[in-house]
Protein chains: 2
Amino acid sequence: MPNRSVFFVSDGTGIAAETFGNSILAQFDIRPHRVRLPFIDSVEKAVRAVERINEIGQAEGKPPVVFVTLVNPDVLDIIKSARALVFDMFNSFVQPLEMAFGMKSNHRIGRFSDAAYSPQYHNRIDAINFSLLHDDGQSTQNLIDAEVILVGVSRCGKTPTSLYLAMQHGVRAANYPLIPDDFERMRLPDSLTGLRHKLFGLTIAPDRLSEIRSERRPDSRYAALDNCRYEVSEAEKLMRREGIRWLSSTHKSIEEIATTILQQIRPDRLEY
Amino acid sequence: MPNRSVFFVSDGTGIAAETFGNSILAQFDIRPHRVRLPFIDSVEKAVRAVERINEIGQAEGKPPVVFVTLVNPDVLDIIKSARALVFDMFNSFVQPLEMAFGMKSNHRIGRFSDAAYSPQYHNRIDAINFSLLHDDGQSTQNLIDAEVILVGVSRCGKTPTSLYLAMQHGVRAANYPLIPDDFERMRLPDSLTGLRHKLFGLTIAPDRLSEIRSERRPDSRYAALDNCRYEVSEAEKLMRREGIRWLSSTHKSIEEIATTILQQIRPDRLEY
């Protein structure tokens, strides 16, 4: 079904509509065209959006699917008038919650409105800066301020996981490579002494590691399968010996790795 | 209403449940405790989750709110048996879509299952690596491969926006600082010659810039308000002269900045 379009219409960035809509679409073996229509916060913009939805529906001969997160009822009414299958994601849930909470919703537009001034946002930006400064063992200053320090062999997924933890969850995540020097000494790098409780290990299947390293440095000793086998085995030995919790990144996305790490380092409630 | 808990229960990472649930909760003036229960993919785990939900509801004297994205109907049934207000986010939308698409959903668990092997995921990881390598003008190699190059004065938001574009949207986003040398010459840095069509500018209110810089280097010339005024005014002059599109990051989150840039650089359909 290639000729079917899906729209994400929002008065904000549309990220909530898109994330949730995509997780629903993943339940179907289709690859529809997707169109993001963010910042639809006025009647005029809504009218133009409907025109666009209708045109595409006509061209495709099938009504598009429209995932909507809109707070303003006038804007919502216009979008609902499109010749399309419109899923009103907010109101399906907001009204029952008004009953449960015993209060009216405040019809605030956009998840991220004024986000740029909130302490939570500030914390996320700080965490991104921290994680960048402490990527790949670049700086050992203030490592004590890290909430978690990822360790593992080069190219096992430490960097993108650290950045994701910072960006999505506001976690100050440093990362530190384990290198052949450490294996020869069979000891953690000195900079990590006294920080063992903050360490979390990543490991990876040697053949996958060899693939990833080969993309960057083909035909190198660094990428050779036997070297990858050696490094991974030594790194696991070291982590086991030092009592470091670890997981394998081989079959996991950074979202899955980050969620698992969060369960370990913040096992209790999330405070926003 | 501090003593009310909200749970996000999922068979995957729970990111879809959490993103969407939070955007709905933002409609209410409450700050509930939030608990993430990811990877609930078996009857046993579901039973334990229900026990936890019920315990907390009893302690608080109010039924918790539970946002659920669960595919397995047995697991879902158990969660629905909790003494809580359960919002089944999938089935509210999946069933009507089955009708519309004329096909059954495949009951695949977790948005990110097997994501680690998809070309889209590979592209995102590549984009993160690219954006890191090309952060702050660090490397000018392969700048031609950038989908967008953010320019602007130091600390106006280029780095987190580039990383967000890469991580969330798989955009190869480089960033390049505009510095006093460029203002004296009133020309773009030489490395950007021929790449003007890829440039996107960020600017910022001078007083906000001074605040941000003061956090890093208090009482410095770099952070002084008059210097920030000078740099911002010169950078805007340069961008205007060179015909570079730009926006102000002052009141915007990185999500909002990224969404606006995406509309410019990928005005058409999203292809996943």
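A:Val68 is buried, with 27 other C-beta atoms within 10 Å; here a residue is buried if 20 or more other C-beta atoms lie within 10 Å of its own, exposed if 12 or fewer, and partly exposed in between, with C-beta atoms placed from the backbone. The model is a predicted one, in which local features need pLDDT of at least 70, side-chain atom pairs count only at pLDDT 80 or more, and totals for chains, interfaces and linings use all residues. Residues are numbered from 1 along each chain as its sequence is written, while chains are lettered from A and ligands numbered from 1 in the order in which they are written.

A:Val68 belongs to strand β3 of chain A (helices, H or I with at least four residues, and strands, E with at least two, are DSSP runs numbered from the N terminus). Leaving aside residues up to four places away in sequence, A:Val68 touches A:Val9, A:Ala17, A:Leu76, A:Ile79, A:Val86, A:Phe87, A:Asp88 and A:Met89; contact requires C-beta atoms, placed from the backbone, to lie within 7 Å. A separation of 7.6 Å is found between the C-alpha atoms of A:Val68 and A:Phe90, which are 22 residues apart along the chain.

Turning to the interface, 60 residues of chain A are in contact with 59 residues of chain B. At least two residues each of the side of chain A that touches chain B come from α1 (15–25), β2 (33–37), β3 (65–69), β4 (85–88), α4 (91–101), α5 (119–133), α6 (158–169) and α10 (254–265) of chain A. The largest share, seven residues, is supplied by α1(A). By class, this side of chain A has 34 nonpolar, 16 polar and ten charged residues (Ala, Val, Leu, Ile, Met, Phe, Trp, Tyr, Cys and Pro count as nonpolar, Asp, Glu, Lys and Arg as charged, and the others, Gly among them, as polar).

The same surface serves both copies, as 98% of the contact residues of chain A recur in chain B.

Backbone angles complete the picture. Most residues other than glycine have a negative phi. B:Asp136, in the loop between α5 (119–133) and β5 (148–152) of chain B, has a positive phi near 60 degrees. B:Asp136 counts as partly exposed, with 14 C-beta neighbours inside 10 Å.

Methods:
Contact = placed C-beta atoms within 7 Å.
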